[in-house]
Amino acid sequence: MREKLSLAGLIEKVSSYSHDADFDTLKRAYHFSREAHCSQKRKEGSPYINHPLAVAYILADMKMDALSIASGLLHDTVEDAEVTMDDIKAIFGREIAFIVKGLTKLARVEFMTKQEAQAENFRKMLLAMAEDIRVMLIKFADRLHNMRTLQFLPENKQQRIAAETLEIYAPIANRLGIGWLKTELEDLSFKYLMPQLYEDLVKKVASRREEQEGYIKEVIELVGQKLREEGLTGKVSGRIKHFYGIYQKLQKQRITFEEVHDVIGIRIITGSNADCYAILGIIHSLWTPIPGRFKDYIGVPKSNMYQSLHTTVIGPRGVRVEFQIRTEEMHKLAEQGIASHWKYKEKGAIDEKSSKYISWLRDLVQGQRDVPDAVDFLEAVKGEVVPEVVYVFTPKGEVKEMPLGSTPVDFAYSIHTQIGHRCVGARISGKIVPLKYKLRNGDTVEIVTSPAHGPSRDWLKFVVTPRAKARIKQWIKAEERERSVELGIKLLENDFRKHGMSNALLKSGEILSVAKTLGVGTLEELFVAVGFGKITPHQVINRLRPGKEISEEETVRIHKSVKEHKGVSIKGIDDILYHTGKCCFPVPGDDLVGFVTIGKGVTIHRKDCPNLEKLAIEDARLVDVEWQASSEVTAGTRLYVETVDKPGILANLSALISALNINISHLEASSTQDKKSHITLILEVRDRNQLRALMHKISQMEGILRIRR
Ligand code: MN
């Protein structure tokens, strides 16, 4: 394909930047590798040595030292040929042996699955990388050549390797600041992962290339002239963005290629930071900048230490043009990243600057060294390197870009609000996953819906897209309202009945005017207010029948209890009338059930309350209730304690309870003829755990016979 590869060519390349390199080792490595691989062919039929040689060329392009290039030549010998690590060590020394070892897959280990084997190999490589950066750079050169020659592999392998490259290698190249490598890996992966889209984009870009190149030339000339006028120097060059970059732009902005305006990038390389800002000023005085598109990565470098000024302006004839302005030094860093710190005379040891690039990798390796599961490790690495978005597919093969951390629920809402509301499950590549599963690149997401289903408040804990969040909240609000309307009507109907009034009043003009005197504008608002317990049925009735005042005592009491126990919610409804069952005294932490008891709001019982069956009467309605997390709330509960009848026991008991900071609101004790004491306590406890701890302590007291709730 590209240039014809040979040892002589390689040596020439290396001597162009390092005339005193260790050419002897290089030559020996070449011959050793050619010998070792002599019986092997690459998939397309050429001698295998072409692969390590191509890897060596890439390393020479990166101006690596001879030792690294020699390791590149040898990188497949142990794995694919009949060479041992000992051979390498004996012939080439410890350093090269270490690097080659890091690059050799654990081929002979039996793994459960292919996925695990891949993950384990990856972990091994990362561990070696963290120790010697050359392992990583050679691995990248190897991967790049494999990607460049991917057309010779069967399709399933192409897909797997391309996905892995896009998911792991390209992001790591980005983290290492090696811009050209990231770009090429992305475009190659894109080509194999989405061939149709890729071909399409290539054609479209080509169809506009001539026009755009003319345009670029025009802008370059204009800028160049202006710089000369202002006495500034700068190398101005232009380019059309890389395919995957354009594709991401299309996805992000949900536009077609015809609508993409800023595919043209102009780069200006100048002498100093001050010149960068001066040139920025010139660009902004020539053309109008687009708000929000100016980025000062000189002042605030990216995490991979990338520095540059970015701005997008509306250039000649209204075409958007992105400018990148940077110094020579910054440019070198942007293209070569960690490799730019490479000094071919240094050993593999990582200097201070390089270590910034891989501190995340070090941390990761440190933290994960003891994680036995290599697949988990790989996931952690992916979490660390993936870009901020994931690309997933609909079952029809349509690509969707989702923010990182998105779940099937986010995905469902991105398709349609109703699909989100009715989502009950999800399948990724045919397998059922939890709704809070985090989507990954390449996942095909199938949403399972059920028409009777609605969103849950819990979803708010894991969805990440603003759209999903907003839709879920909207639904919950509407549902709360609907339930309150229902409850409000029932409460009013019931009280009307008690006072011999007709339900027809509920639709009358009279009640509407009563609503207005109570400060609500519509009947629906009135029902909501009654359902929420903000207005009592009595208030309504008293205003409907002035002069026949009825007692509000009962309702007032319920209101008070709402204030005391703001700890319960009824399946998403906050602020509801409720009181706790005086038979079982539920506390936070208990499993609960509630009844809508007409006229009294909701009564809460423990699920294991012995009275429950008796209470399941006709006009009571079962509702799901839950405790809301709140540390401020206490609940009254009852304890029965049976003790031996001995002086001091009661005092000890109340001392123990007070010592735990628990209030005793009621205490009753009685003695029986068989010398026993029965003590009934009403206590204010925080939750079930506190209650349990207390019961445990009491049970260990001297003289205690039995204790129960
Ligand atoms: Mn290889």
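Residues are numbered from 1 along each chain as its sequence is written, and side-chain values use heavy atoms, with hydrogens and water left out. In this predicted model, local features require a pLDDT of at least 70 and side-chain atom pairs count only at pLDDT 80 or more, whereas totals for chains, interfaces and linings use all residues.

The secondary structure of the protein chain comprises 27 helices and 21 strands; these elements are DSSP runs numbered from the N terminus, with helices (H or I) of at least four residues and strands (E) of at least two. Of the 709 residues in the protein chain, 50% are buried. A residue is termed buried under 20% relative accessible area, exposed over 50%, and partly exposed in between (1.4 Å probe, protein chains only). The accessible surface of the chain amounts to about 35400 Å², and carbon and sulfur atoms contribute 51% of this area. Accessible areas were computed by the Shrake-Rupley method with a 1.4 Å probe, and for residues only the protein chains shown count as cover. Among contacts in the protein chain with a separation of 6 or more, 65% involve residues 24 or more positions apart, a contact being defined by heavy atoms within 4.5 Å.

Helix α2 (residues 23-36) contains 14 residues, which at 1.5 Å a residue should span 20 Å; the end C-alpha atoms are 20 Å apart, in agreement with this value. The expected span is taken as 1.5 Å times one less than the number of residues. The buried residues of α2 are Phe 23, Thr 25, Leu 26, Ala 29, Tyr 30, Ser 33 and Ala 36. They cover an arc of only 160° around the axis, which places them on the same side of α2; the arc is that of the directions from the helix axis to the C-beta atoms. The packing partners of these buried residues are α1 (7-15), α3 (50-61), α4 (66-74), α5 (77-80), α6 (85-92) and α7 (94-103). Thr 25, which is found in α2, counts as buried because its relative accessibility is 10%. Apart from residues up to four places away in sequence, Thr 25 touches Ala 70, Phe 92 and Ile 96.

A manganese ion is coordinated at 2.2 to 2.4 Å by His 51 (NE2), His 75 (NE2), Asp 76 (OD) and Asp 142 (OD). The spacing of these donor residues in sequence is H-x23-H-D-x65-D. Donors are N, O and S atoms within 2.8 Å of the metal (3.2 Å for Na, K and Ca); water is not among the atoms, so sites may look incomplete.

Helix α18 (residues 408-415) is largely enclosed by the rest of the structure, because seven of its eight residues are buried. These are Pro 408, Val 409, Asp 410, Phe 411, Ala 412, Tyr 413 and Ser 414. Cysteine residues were also examined. Cys 276 is buried, with a relative accessible area of 0%, and Cys 423 likewise counts as buried at 0% relative accessibility. With a disulfide defined as a pair of cysteine sulfur atoms within 2.5 Å, the count is zero.

Most residues other than glycine have a negative phi.

Ile 664 lies in strand β19 and is partly exposed, with a relative accessibility of 28%. Beyond its neighbours within four places in sequence, Ile 664 contacts Ser 654, Ile 657, Leu 681, Ile 682 and Leu 683. The C-alpha atoms of Ile 664 and Val 685 are separated by 9.3 Å, with the two residues 21 residues apart along the chain. Gln 307 is placed in the loop between β4 (295-296) and β5 (309-314). Its contacts, leaving aside neighbours within four places in sequence, are with Tyr 297, Ile 298, Pro 301, Arg 326 and Met 330. Gln 307 and Leu 333 are 26 residues apart along the chain, and their C-alpha atoms are separated by 8.0 Å.
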